[in-house]
Amino acid sequence: MRRMPRCSVLVVLGCLVILPTAVAGQGGPHPDFSGLWTTYAEPGQARGGGAGRGGGASLPLTDEARKKVEAYRALIGDSGASPGGFCLGTGMPGSMLGSGGYPMEILQRPEQINITYEAHNEVRRVYLGERIVPMADRLPGRDGHSSGHWEGDTLVVDTTHLVEQVDQRWPHSDQARIVERYRLTTDSAGTKVLVAEMTMTDPVFYTKPVTETKKWAYVPNGHLLPYECAEEGWRIHLEELEKKAKESKR
Amino acid sequence: MKQLWSLLSALALVAAFGTTAAAHHSAVQYDFTKTATITGVVLKFQAINPHMRLTLRVTDAKGTRDLEIEGHSTNNMYRAGYRDGLIKVGDTITVHMAPLRDGREGGYMVAAVAANGTRFGAQTAAERAGERERAEGK
């Protein structure tokens, strides 16, 4: 048996050291974003909330979009109603920009990255390489359809096939396209930070691209909690059935 | 923990963040600038999302009545100290809540002290006000 040259052994050992923090594929090892992430706060500052509803006063909306958003807000009035109030996920880009202040979990494989936002168990799947679904085979939705590729250590996610949403802070039409750029950094306190830069273009709703940056802080050994939003409604329904059953026996 | 409370104290946002069509409600009916504290016996408790639900039997000078109370999501309460089994039917607990704006009794549970003395939940409006006054040297 031939002996492996000493330098080769060192290269193999080096790879073993690198593997836990990088994922191979797509032309080489890339940063591993896997884990639990929560809204980042600069050292010494409190964390803010997540993506609220109905903001966007300073957004460069077209006249058509402004009318639709105003009509929606007039409809809702002061009821406080929201998609989340009906157990509906935030939808893009509100989900990636905060998701109500709840954490998110990323599970990363070379060909697919799953992002689960705790609120409403909202899940986005980012397909890479050969897993990318052809445009003609995509279905539209509130989070659209996402494909990704790497540009060095930056993950670039392209989201299309969104449905029109006037019910979130960043309203958009079904023609919206969202590009996210994710990269890892470390702050002055040593916290691992995931920086997400978002650019949304939408010729129907916006006169120019909309950009936002969201930072997520890594939570070592963090766990996402279940969020069965519909449970309360189901229990109330059962209570109503029980009440009716009792009344009918009288 | 302080960071968690800061998160939760910003949660008028999350308070409005969910429930179902059948149970549709938002937090607009509650006054998050005020704190009402009430002690009673737990008749019913559900640690669910998007809002905890509690029926509390209160007995005081006004008499005995049952109050329906909802609260922050179980997930947010968990991150602010709540654990499974902390509240049981029959327990006497104290609830800090944002009261209903229309003057009726009841409210939105922001924090609570369980029968074993464990406090969980967010910073209340009263606690935030006290913190501000201390910071301003009043």
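## The barrel of chain A

In this predicted model, nine strands of chain A close into a barrel in the order S3-S4-S5-S6-S7-S8-S9-S10-S11, with mixed pairing. Neighbouring strands of this sheet are turned by 30 degrees against each other on average, direction ignored. Axes here are lines fitted to C-alpha atoms, for helices over the stretch in contact, and angles run from 0 to 180 degrees between N-to-C directions. Two strands count as paired if DSSP finds at least two bridges between them. Helices (H or I, at least four residues) and strands (E, at least two) are DSSP runs, numbered from the N terminus.

Residues are numbered from 1 along each chain as its sequence is written, while chains are lettered from A and ligands numbered from 1 in the order in which they are written. Local features need pLDDT of at least 70 and side-chain atom pairs count only at pLDDT 80 or more, whereas totals for chains, interfaces and linings use all residues.

Strand S5 (residues 112-117) of chain A runs antiparallel to S6(A), and six bridges join them. A:Tyr117 has A:Glu122 in S6(A) as its bridge partner. The two strands form a hairpin with four residues between them, and A:His120 in the turn has a positive phi of about 65 degrees. Strand S6 (residues 122-128) has a covered face made of A:Glu122, A:Arg124, A:Val126 and A:Leu128; its uncovered face holds A:Val123, A:Arg125 and A:Tyr127.

On to the next strands. S6(A) pairs with strand S7 (residues 145-151) of chain A in the parallel sense, over three bridges. Here A:Val126, from the covered face of S6(A), stands opposite A:Ser146 in S7(A). S7(A) in turn pairs with strand S8 (residues 154-160) of chain A in the antiparallel sense over seven bridges, and A:Gly148 stands opposite A:Val157 in S8(A).

Ten bridges link strand S9 (residues 177-186) and strand S10 (residues 192-201) of chain A in the antiparallel sense. A:Leu184 stands opposite A:Leu194 in S10(A). These strands form a hairpin with five residues between them, and A:Gly190 in the turn has a positive phi of about 90 degrees.

S10(A) also pairs with strand S11 (residues 210-219) of chain A, again antiparallel, over eight bridges. In S11(A), A:Lys214 is the bridge partner of A:Ala196.

## Chain A as a whole

Chain A has three helices and eleven strands. From the N terminus on, the elements run α-β-β-β-α-β-β-β-β-β-β-β-β-α. Of the 250 residues in chain A, 31% are buried (20 or more other C-beta atoms within 10 Å of the residue's own, with C-beta atoms placed from the backbone; exposed means 12 or fewer, and partly exposed lies in between). Among contacts between residues at least 6 apart in sequence, 56% join residues at least 24 apart; a contact requires C-beta atoms, placed from the backbone, within 7 Å.

Helix H3 (residues 231-249) of chain A has 19 residues, which at 1.5 Å a residue should span 27 Å, and its end C-alpha atoms are 27 Å apart, which agrees. The expected span is 1.5 Å times one less than the number of residues. One of the 19 residues of H3(A) is buried, so the helix lies largely in the open.

## Confidence and chain B

The predictor gives the complex an ipTM of 0.74 and a pTM of 0.81. Chain B averages a pLDDT of 84, and 82% of the residues score at least 70; pLDDT is the predictor's confidence in each residue, from 0 to 100.

Over residues 1-22 of chain B, pLDDT stays under 50, and the model has 74 contacts beyond four places in sequence for this stretch. Where pLDDT is low, the predicted coordinates should not be read in detail.

Methods
Two residues are in contact if their C-beta atoms, placed from the backbone, lie within 7 Å.
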